[in-house]
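Dear colleague,

Please find the structure below, handed over for your review. A summary of the findings follows it.

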Amino acid sequence: MQGKGLIKTFAILLALLSIYQLSFTFAGMRVKKQAHQYANGDFKKEKQYLDSLNKLPVYNLLGMKFTYDEVKKREMNLGLDLQGGINVILQISVKDILKDLANHSHDPDFNRALKMADDAQKSSDKPYLDLFFEAWDKVAKESGKKLSDPRIFGNKKLAGDIEPGMPDSEAKKVIREKVDEAMVSAFEVLRKRIDKFGVTSPNIQRLGKSGRILVELPGAKDAERIKKLLQSTAQLEFWPGYKQEDYLPYIQTVDQIIARKYGNATDSTQAATASLSSLIVKGGYGPVLGYFAIKDTAKVNRYLQDPEVVKARPDNLRFAQFLWGKRDEKADIIPLYVITGNADGIPPLSGDVITDARQSFDRLNKPAVSMTMNAKGAKIWEKMTGEAYKNGSTIAIVLDKVVYSAPTVTNGPISGGRSEITGNFTIEEAKDLANVLRAGKLPAKADIIQSEIVGPTLGKEAIHQSKVAFAFALLLVILWMIFYYGGAGVVAGVVLLINLLYVFGILSSLKLVLTLPGIAGIVLTIGMAVDANVLIYERIREELRSGKNIRAAIADGYKNALSSILDANITTLITGFILFVFGTGPIQGFATTLIIGILASLFTAIFLSRIFIEWWLDKGKRMTFSTKFTENWLVNVDFPFLEKRKLAYMVSGTLIAIGLASIFTQGLNPGVDFVGGRTYTVRFPQAISANEVADELGKVFVENGHQIKPEVKTFGAANQLKITTKYKINATGEEADREVQQKLYEGLKPYLPKGMTYDDFISTKGEKAYGLMQSIKVGPTIADDIKKGAVWAIIFSLLAIFIYILVRFKYWEFSVGAITALVHDVLIVLGVFSLTYKIMPFDMEVDQAFIAAILTVIGYSLNDTVVIFDRIREFFRLHPSWDPKKVINKALGSTLSRTLNTSFTTFLVLLVEFIFGGDSIRGFIFALMIGVIVGTYSSLFVATPVMYDLMKKRFSKIHKGKKK
C-alpha cells in the first residue's frame, strides 16, 4: 500500500484535531450542568450564573486556560430540536419599501399596480418587486404614466436618482438598487439586535432576492420576547398630544352617530355598547381619551373608522391619530390616545435623530429608556418641548404606532437632546427597547412567515433519546460485524468508532449545526459506513476461496472493491448535495451529516481498515474474514433471478397499483410545510382524546361565522397532542399569532393543570411538564415555495443520477433500469404512507423530512443497484463466452451476501432509531425502513431485469459476435 506514512500522519492529525475540538463541547456541557444544578430550574438564575462565568476561566487544557465565552465559541452547535430555541423566516415587506420610496403616494395607478402585485403574489413564487413591475407595465399601457412621475418615484426623496421623464427601464434599475439597499439595511439592523440579545451561535442570512431573512437562535428560551425583538420596525415618532377640551366635543358627536347607526343592531351586546363613551372602563386625562377593555379594541377601531365618523371630524382634528397605548397585561385594559398628525404622516421628530439609547430608571425607580439625540434632533426637541410647556400640553412618544408615554413638560424647554421613554416596562423590556433603538429602525415591517419554536424540555428529551438510539445502534452493528467477519469485524468496529470521531470533530470544527435529523443522518451513516467494509471483505473472501494467500487476497480485494465503493458512494453524495441545496433548516442538517459521514467512511474503510489489518498481520497474528457460523453463508448462490422477473413485475405492479389507488382516493397526509398553517405540540397531565379536543377547539376557532376545526392527533405518548390549524392562515403578524395562541389556550384550558395561566402555557423560559412544548408556523406563500423546492429536488436528483450512470456504464439501458427502480421505490413508499397514515400510532405527514427520506431512499437504492451493475460489468469482462442471462444471474448471486448484509445492518440501525428515537422523526425513519426493504428488492428484481429486457437485442448481437 503506497503512501502509508502520509495516510497515518493525516489520520492521527485529524483525530487529534477532532478530540481537541470536541473537548470544548464536553467542557461546556459540564459548566451548563453545574449551572442547572445551582439554579434548580430557575431560568433567570441559571442565565445569571452562566453570564457571570463569561470572562472567567472554566477549562484548562494542558495549561491553556479558556473562559466560558471562549468555550461557547468552540463547542458544537446544537439545533433547536436538541436544546430548544426559535427559528424564523422573516418577510421584509417590499411593498412597504416601495410605498416609502414613493413618499406614500396616493396616485391611483401606483396603488392599483401594488394591488395587482398583491393578488399575483398569492399564486406566484416570483419576487414581489418583479410582480410590481409586471403590474405597472400593464397599468402604464393604459394610463401612459411613467415611474418617474413626480407623484410617484420622481419625488424629492429620490431626487438625483430618478428625474421626472426618466424612462421606466432606467427607473426600474434605480428602484431595484434602492430596494436591495433597504434589504441590506434590514439585515444589518436585525443582526445588531440579535448580537445584543446574547444568544450563543446565532445564524442570520438573507435568502436570495426574495426579501426573506432566516434567523436561527438555538438555545434562546424566551420566544415571545424574541418575536417582538425581530418584528419591531422601531419606527420611533414624537407627536404633540391633544388636550381633552380639543377632542371631547367631537367624541360626543361620534357617540350620536354610533348610537343612530348601531343602536338598533340585532346583536344585543353591540346595541348596548353603541357609543365610545359606554365602552370606557376607566377615565382618561390629557391626550388619553380613556381606558378600554382589550376585548373591545376591534369594536372601537371599527367605530372610529366608520366613514361617517371620519367625515364628521372638525378642522382641528382633521389629521388626528387615535392610537392605542402600551398594553397592560395584568389589568386587561388599554389606553386610547388622541394625538396630532398631518397630511403626509411625517412626524415633527423621528427616531432617525437618536444617537444612543440605554436602559435606565425613572423618578419612581421604574425601568425606563433614556435617549440621546444629535444636534438637529436636539434643536427640534427643544422647540417641541418649549411649545408643550407654553400650551400646557403633552408630547406622545410613539413606537411602531403604539404610544408608550405622553409626558407633560413642567420645567420649560428641554435642551441637550435628552429624553426618556416610560411605560410599565420590565427591565428586560427596557433593555430590548434600548437595543432596538440603538440598532436602528427597519426600513419596512417584518412579518414572521415561517417559524419553529421548541421548548427546552423537548430538546432535553430529544438529546436523551438520541443518545440511547445512537449507542444501541452502534453496539448492535459492531457485534454483528464481529459475528459475521470475526477478526476483520473487530477492525470494522474500530474504524467505525474513528469514523464517528471524525464526523463529530468536523461538524464541531466547521461550526455546523447538529440537529435531530442530523443525528438520524449519522445513525444512517453507521449502517452505510459498514457497506464499504462489507464490499471489501466480501471481495477478500472471494479471493481467499480462489486459493490466494492472505496478503494477496487482501491486496486484490481492496483493489477490486474500489470501483463499486466509489460508484455507490458518489451516487449517494449526489443525493446528499441536492438535499443540501434544496432543503432548509433540519433537512440541510441531515444532508450535511450524511455528506460528511460518507466522506469520512470512504477514508476510514479504504485506507485505515487496511492499515490496521496489515499492522495485525505484520505482528504475525492471524486475521479472519469469517467465523465458523458464517464461512459458507450465501456462497455460490445459483438463483434464476432473470427467470423470475415476470413474477417480480406482477408483484411490483400490483403493489404500485394498490398504492396509486389509495393515493387517488384517500390521498396523503400533507404536513404544515406544504399546506401552510400553524402546528402546536401540547402536553397534558393526563391521557386525552384527540377527537374531543378537536371538537372543543372548533368552537373557539371561528372565522366569518364558520368553525375552523383543527386536525388533532396523538403525538408520542397518550398525553401529548399535535394540533394543526388553518385558522388565520393568511395573517402573519404578531397580533395574529397571539390571537391564535390565546384561542388555543381557551379551548384547551379545561384539560390543562388547574391554575395554569396563558403565560405559563406558552412560556419557553425553562423546562416544564405540561403546556405548549413546540410551535411551527408556515405561511401559505412559503408553503408553496417548499413544495416547488421538493419537486425540483426529486427531479434534479433523478436527472443527475441518470447522467452519472450513463457516463459510468456507457449504455442508456443501465440508466433507465436504475431510474425505473427508483421510481418503483418512491411509488411504493408513497403508497404505504397513503394506506397506513390513518391507522399508524405515529405521525406520518408528508413534509420536508419526508422528502428528505424519499431522496435518501433514492440514494440508498441506487447504491445497491450500482454495486450490482458494477459486478455485472465485471462478469461480462471475465466471462465473455457465457450467455448474457447466465452472466447476470451469476453476478447477482455473487453480490447477494453483500446486498443482504448491508441492508440488514442499515435496517437494524434504522429500527433502533425508530424504537428509541424521538417522536418527531419516527415517520421519517419509517419511510427509510420501507425504502431499505423495497430498495434491496428493486435492485435485484426491477433494475437489473428492466436493463436486461431493454438490452436483449444488444446482448444478442454482442454474444453472436463473440461466438464467431
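A residue is called buried when its relative accessible area is under 20%. By that criterion, 54% of the 964 residues of the protein count as buried. Please note that this is a predicted model, and the values that follow were computed from it.

Overall architecture. The protein contains 32 helices and 25 strands. Its C-alpha trace extends over about 110 × 70 × 60 Å along the principal axes.

One residue in detail. Asp-567 is found in helix α20, which covers residues 550-582. Is Asp-567 buried or exposed? Its relative accessibility is 2%, and because the limit for buried residues is under 20%, Asp-567 counts as buried. Leaving aside residues up to four places away in sequence, Asp-567 touches Tyr-804, Arg-808, Phe-809, Val-866, Asp-870 and Arg-873. With Tyr-804, the side chain of Asp-567 also forms a side-chain to side-chain polar contact of 2.8 Å.

With kind regards

Conventions: Residues are numbered from 1 along each chain as its sequence is written. This is a predicted model: local features need pLDDT of at least 70, side-chain atom pairs count only at pLDDT 80 or more; totals for chains, interfaces and linings use all residues. Side-chain values use heavy atoms; hydrogens and water are left out. Helices (H or I, at least four residues) and strands (E, at least two) are DSSP runs, numbered from the N terminus. Buried means under 20% relative accessible area, exposed over 50%, partly exposed in between (1.4 Å probe, protein chains only). A polar contact is a pair of N or O atoms within 3.5 Å; within protein, one must be able to donate a hydrogen and the other to accept it, and residues adjacent in sequence count only if both atoms are side-chain atoms. Contact means heavy atoms within 4.5 Å.
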